[in-house]
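Reader: I am new to this structure and would like a close look at one part of it, the place where the two chains meet. Please take me through it step by step.

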Amino acid sequence: MKKIVLMGNPNVGKSVVFSRLTGARVISSNYPGTTVDYTHGRMCLGDEPYEIIDAPGTYSRAPTNKAEEVACEMLARGDVILNVVDATNLERNLLLTLELLETKKPLLIALNLWDEAKTTGIRIDIQALSALLGVPVVPTVALSGEGIRELVDRIPDARPGTRFDLPGDEDKWRQIGSIIKAVQQVSHRHPTPGDRLAAASIRPVTGVPMAVGIILFLFWMVRLLGEGLITFIFNPLFELYRPLITELSNWLGPGILQELLIGRLYDGEIDFIQSMGLLTTGLYVPIAMVLPYITAFYLMLALLEDSGYLPRLSTLSDTLFHRIGMHGYGIVPLFLGLGCNVPGVLATRSLETRKQRFIAATLVCISVPCMAQTAMIFGVLGPYGVGYIAMVFITLMTVYLSAGLVLNRIMVGISPEICLEIPPYRMPSPGIIAKKTWMRVRGFLLEAIPYLFLGVLMVNVLYLAGFLDWLGSLFAPIISGLLGLPPDAATVLLAGFLRKDLAVGMLLPLGLTPAQLVIAVTVLTIYFPCVATFAVLFRELGIRDLACATAIMIGVSLAVGTLLRLILIGV
Amino acid sequence: MGIPLAELSRDQTARITELAGGHEFKRKLRNMGIREGKIVRILAAQPFGGPVVIEVDGRATTIGRGMANGIMVEPVE
Ligand SMILES: Nc1nc2c(ncn2[C@@H]2O[C@H](COP(=O)(O)OP(=O)(O)O)[C@@H](O)[C@H]2O)c(=O)[nH]1
Ligand SMILES: [Mg+2]
């Protein structure tokens, strides 16, 4: 099967074009570095099936980070190159185009963002450009689908194009200059009020207060939406479900099946959070406690991503991030990690050096609770007041910053300066926002529910087998001696390796005081990543760095846990 | 010849005359459209030696202060 690979600069719309061509869904966002890995898809042209590959963006064939390395590998695999070009930025984009022509592979160009080019007063002579480059050029608006049909029709016309024979970059730039002169006309545009607001958002004096306001607003919205969904939709739903499951419980009667499916009864009643049955806690935790927050968070994240605000935030926070061994782009793994640590760790690929990547990935795993865990922390600590929740998050923030400061000091290697393109602000498209949020929520459901079931099952089986008591007594010196928690909490840490949200829920039947809960959820965040994150961490860091990162996590969790115990409970 | 870009004040316009740095540095900037002969404007400068945001060809890019010091410019107008 022929392979068509999508190549282009970062943030030119490759992923949206890919979705249009294949119908497959991939994440697209308005900042460079959204795509850090390749995705396959399929498309049929007449009777002939094609494989389409969406690759990360790159400015040239000489990669400067891991994501660009992936792009260059994909280029080698492609039979046909679909070069997606930003029509609002033709000159710069043509460098990659000329480099792609050097591969002598059949090529065609999608001149994307054609709508924005028109509104900003850029006119490009398509025929002339196509003639000069010797390849088909099709103007497209990937967002609306305009031009995609023509693009598909022209795929068979892809050809190796003009052989310019320009060995050096200087020669290429000169050639590009003459092409631009021949095909492009730019009419001058006066700055609009929107432009002035955009500029204000990136200047320190106005931008920093705006950033603080935006971040607070986003988190406030997540809490509001999450709470609202729980109170008005999911809890009422589960109250409808309660009589059914109670009926089932009575019908089953005491025995192993009741233990597994329904779990323990409290005063003869099912307690959705504490019962620990597959059909009670196993469903209630993911659906009624976590899902609402996940949905709210991903909705807000999508708005943040698609508006184009993240690169501005990177710029404003760059100085801070340099202190902790990264540069401003480090905010991207942090924000993605707040949803789920797995994409958080993957996003570190856009950082340039090993030192930056190691620090970014370790800090995400050590001190960024995923939204599933955060939701459960809200659920468990919420009844005791906001103060306790604040304690957890302030501790984690302190860990993030101080671990970063220390790692930056002791690690060899360099942290280069930021060099990041700032895309224009764009109005997020409701369709894309909805699709993206759904994709991520669906991902959560598909991953979380099986793991939660497994977790609940494991806890029950190990409990019945007496393993958990043994584990509890084994770790008692640490769990009780250092952290001031009951020995049973060892079970929770074990379950946390599968799913942290489940583990937080398992703290409830232990009857802990609020102070003990704070210690337990904080240690649970720091001590070890969940198995899914552990797997990507292994892939991204390699075995040696993974061992280092793990040692750091365990050490820090014990230190922080002990410190919290001394402060909150005393000796 | 020229002054470092980092020394321009906000909204001042200048022409890039030289990229003073290693091969990688030059290549990276040129690939992002920041090249000799281009007109550049400072959109914002972050305090404490933080990065500067520049505009070239209507497109904004954030670059570190060190990089901005390696871009030589000649004010225009
Ligand atoms: N107005 C407009 N926006 C587009 C178009 N194509 C893509 N976008 C937006 O541009 C941004 C970057 O798209 P994406 O596919 O993630 O770019 P990639 O990094 O090249 O994969 C997203 O916010 C898209 O919604 C287009 O033709 N017109
Ligand atoms: Mg992409």
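Author: What follows describes the interface between the two chains, and then a few sites in chain A. The model is a predicted one.

The contact can be counted in residues: 30 residues of chain B are in contact with 28 residues of chain A. In terms of area, chain B and chain A bury about 2600 Å² between them, and 49% of this lies on carbon and sulfur atoms. Three residues stand out on the side of chain B: Asn31(B), Met32(B) and Arg59(B) supply 26% of the area that chain B buries against chain A, more than any other three residues.

Polar groups take part as well. There are nine salt bridges between chain B and chain A, and 18 residue pairs are in polar contact across the interface. On chain B, the elements that give two or more residues to the side touching chain A are helix 1, strand 3 (39-45), strand 5 (59-63) and helix 2 (65-69).

Helix 1 of chain B spans residues 23-31, and its buried residues include Phe25(B), Arg27(B), Leu29(B), Arg30(B) and Asn31(B). Of these, Arg27(B) forms a salt bridge with Asp169(A), with the closest N and O atoms 2.7 Å apart. Just after the helix, Gly33(B) has a positive phi of about 90°.

Another salt bridge joins the side chains of Lys38(B) and Glu91(A), at 2.9 Å from N to O. Lys38(B) sits in the loop between helix 1 and strand 3 of chain B, whereas Glu91(A) belongs to helix 3 (residues 90-102) of chain A. Both Lys38(B) and Glu91(A) are buried.

Helix 3 of chain A also carries Glu102(A), which pairs with a residue of its own chain. The side chains of Glu102(A) and Lys172(A) meet in a salt bridge of 3.1 Å, N to O. Lys172(A) lies in helix 7 (residues 169-183) of chain A, 70 residues from Glu102(A). Lys172(A) counts as buried because its relative accessible area is 4%, under the 20% cut-off. Glu102(A), at 36%, is partly exposed.

Chain A also has a metal site. The magnesium ion (ligand 2) is coordinated by Ser15(A) through OG and Thr35(A) through OG1, at 2.0 to 2.1 Å. Ser15(A) is in helix 1 (residues 14-22) of chain A and Thr35(A) is in the loop between that helix and strand 2 (39-45), 20 residues apart. Ser15(A) is buried at 8% relative accessible area, and Thr35(A) is buried at 15%.

Conventions: Residues numbered from 1 in each chain as written. Chains lettered and ligands numbered in written order. Predicted model: local features only at pLDDT ≥ 70, side-chain atom pairs only at ≥ 80, totals over all residues. Heavy atoms only, no water. Donors = N, O, S within 2.8 Å, 3.2 Å for Na, K, Ca; no water. Helix = DSSP H or I, 4+ residues; strand = E, 2+ residues; numbered from the N terminus. Buried < 20%, exposed > 50% of the residue type's maximum accessible area, 1.4 Å probe, protein only. Contact = heavy atoms within 4.5 Å. Buried area = accessible area lost by both parts, 1.4 Å probe. Salt bridge = Lys/Arg side-chain N within 4 Å of Asp/Glu carboxyl O. Polar contact = N/O pair within 3.5 Å; in protein donor to acceptor, adjacent residues only side chain to side chain.
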